[in-house]
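Please keep the structure in view and locate each residue as it is named.

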Amino acid sequence: LSSVLNLSTEKREDFNQNFGVRTQGVSFGVDREWSEDLSTGINMNAEQRDSYPLSLIEEDENETYEKRSALAVTPGVLYDSRDNKMMPARGGMVSGNVTFSRGIGTSPDDFIKYQGDLRYYRPLFQMVTLALTGRAGYIDPQGDATDVSDDQLFFLGGISSVRGFNENKLVVDDRNDPVGGRLSLSGTVEARMAAGKKLSLVLFYDIGKLDRLS
């Protein structure tokens, strides 16, 4: 059984986003290893978020930029049987968590967020590994909340999700600004060919779906 206490402050302006976020918060997490492959945990978080437009010209008329405070509790589970955490050749990993968020005095942070990640690795030939990845996320607004703030939504596109699209721009509006969604689905099929101790060549196919559900 292990625990960790974090105090943090952060300023983020992600690629191609028309808003930034300043965050200050404190979190406390407890993790339990049940076996070499299986662990569970729970994280409790209190934070203040301040979202702001990066340009007055690009300001979203439907988005409210204001300081918000929220409390969140996130239980999660992880099963990881990969033979190597950095460059796995066999095994798999399954993780899932649910975030119960409640805004203090505001409703955009009243939601339940579900997230899951599935990875599988299998050697095809002596130097080739098949890697499969699937990710899913869903945000369910709660109480009086009719929508979720943009800085809490899912975005797809870029090197960490659907390659071939610019960062966060799998879905864009008529101004070519990225659009986030409450439902996110993505998957990857890769053939990884070892080309040295720390180098691989990869053939890949990515798919993704993003939906605002409103």
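Phe-28 counts as partly exposed because its relative accessibility is 35%; in this scheme, buried means under 20% relative accessible area, exposed means over 50%, and partly exposed lies in between (1.4 Å probe, protein chains only). Phe-28 belongs to strand S2, where strands (E, at least two residues) are DSSP runs numbered from the N terminus. The model is a predicted one, in which local features need pLDDT of at least 70 and side-chain atom pairs count only at pLDDT 80 or more, while totals for chains, interfaces and linings use all residues. Residues are numbered from 1 along each chain as its sequence is written, and side-chain values use heavy atoms, with hydrogens and water left out.

**The nonpolar surface patch**

- Phe-28 forms a nonpolar patch on the surface with Leu-5, Leu-7, Val-26, Ile-42, Met-44, Val-73 and Phe-100, and the accessible area of these residues together is about 710 Å².
- Strand S1 (2-12), strand S2 (19-33) and strand S3 (38-53) are the elements that give two or more residues to the nonpolar patch.
- A patch is made of residues with over 30% relative accessible area and no salt bridge; nonpolar side chains (Val, Leu, Ile, Met, Phe, Trp, Tyr) are joined within 5 Å, and like charges within 9 Å.
- Accessible areas come from the Shrake-Rupley method with a 1.4 Å probe, and for residues only the protein chains shown count as cover.

**Aromatic pairs**

- The structure holds 2 aromatic pairs; rings of Phe, Tyr and Trp (its six-membered ring) pair if their centres lie within 6.5 Å, and planes under 30 degrees apart count as stacked, over 60 as edge-to-face and the rest as tilted.
- The pair of Phe-19 and Phe-155 is tilted, because the ring centres are 6.5 Å apart and the planes stand at 50 degrees.
- This pair links distant parts of the chain, 136 residues apart: Phe-19 is in strand S2, and Phe-155 is in the loop between strand S7 (128-141) and strand S8 (183-194).
- Phe-19 counts as buried because its relative accessibility is 8%, and Phe-155 counts as buried at 18%.
- The pair of Tyr-114 and Tyr-138 is stacked, because the ring centres are 6.2 Å apart and the planes stand at 20 degrees.
- Tyr-114 is in strand S6 (residues 111-123) and Tyr-138 is in strand S7, so this pair ties together parts that are 24 residues apart in sequence.
- Tyr-114 is partly exposed, with a relative accessible area of 36%, and Tyr-138 is partly exposed, with 30%.

**Charges over rings**

- The charged end of Arg-32 sits over the ring of Trp-34, at 4.1 Å from the ring centre; a charge sits over a ring if NZ of Lys or CZ of Arg is within 6 Å of the ring centre and within 35 degrees of the ring normal.
- The charged end of Arg-163 sits over the ring of Phe-204, at 3.8 Å from the ring centre.

**Salt bridges**

- Side chains of opposite charge can pair when their charged atoms come close.
- The structure holds 16 salt bridges, each being a side-chain nitrogen of Lys or Arg within 4 Å of a carboxyl oxygen of Asp or Glu.
- Lys-11 and Glu-13 meet through their side chains in a salt bridge (4.0 Å, N to O); Lys-11 counts as exposed at 54% relative accessibility, whereas Glu-13 is partly exposed at 46%.
- Arg-12 and Asp-14 also form a salt bridge (3.0 Å, N to O); Arg-12 counts as partly exposed at 43% relative accessibility, and Asp-14 is partly exposed at 32%.
- Asp-117 and Arg-119 form a salt bridge (3.1 Å, N to O); Asp-117 counts as buried at 15% relative accessibility, whereas Arg-119 is partly exposed at 23%.
- A network of salt bridges links Glu-47, Arg-49, Arg-68, Asp-109 and Asp-151.

**Two loop residues**

- Asp-150 lies in the loop between S7 and S8 and counts as buried because its relative accessibility is 8%.
- The side chain of Asp-150 makes a polar contact with the side chain of Arg-212 (2.8 Å); a polar contact is a pair of N or O atoms within 3.5 Å, where within protein one must be able to donate a hydrogen and the other to accept it, and residues adjacent in sequence count only if both atoms are side-chain atoms.
- Met-87 is found in the loop between strand S4 (67-80) and strand S5 (91-103) and counts as partly exposed at 41% relative accessibility.
- Met-87 and Asp-173 are 86 residues apart along the chain, and their C-alpha atoms are separated by 37 Å.

Note on methods. Helix = DSSP H or I, 4+ residues; strand = E, 2+ residues; numbered from the N terminus.
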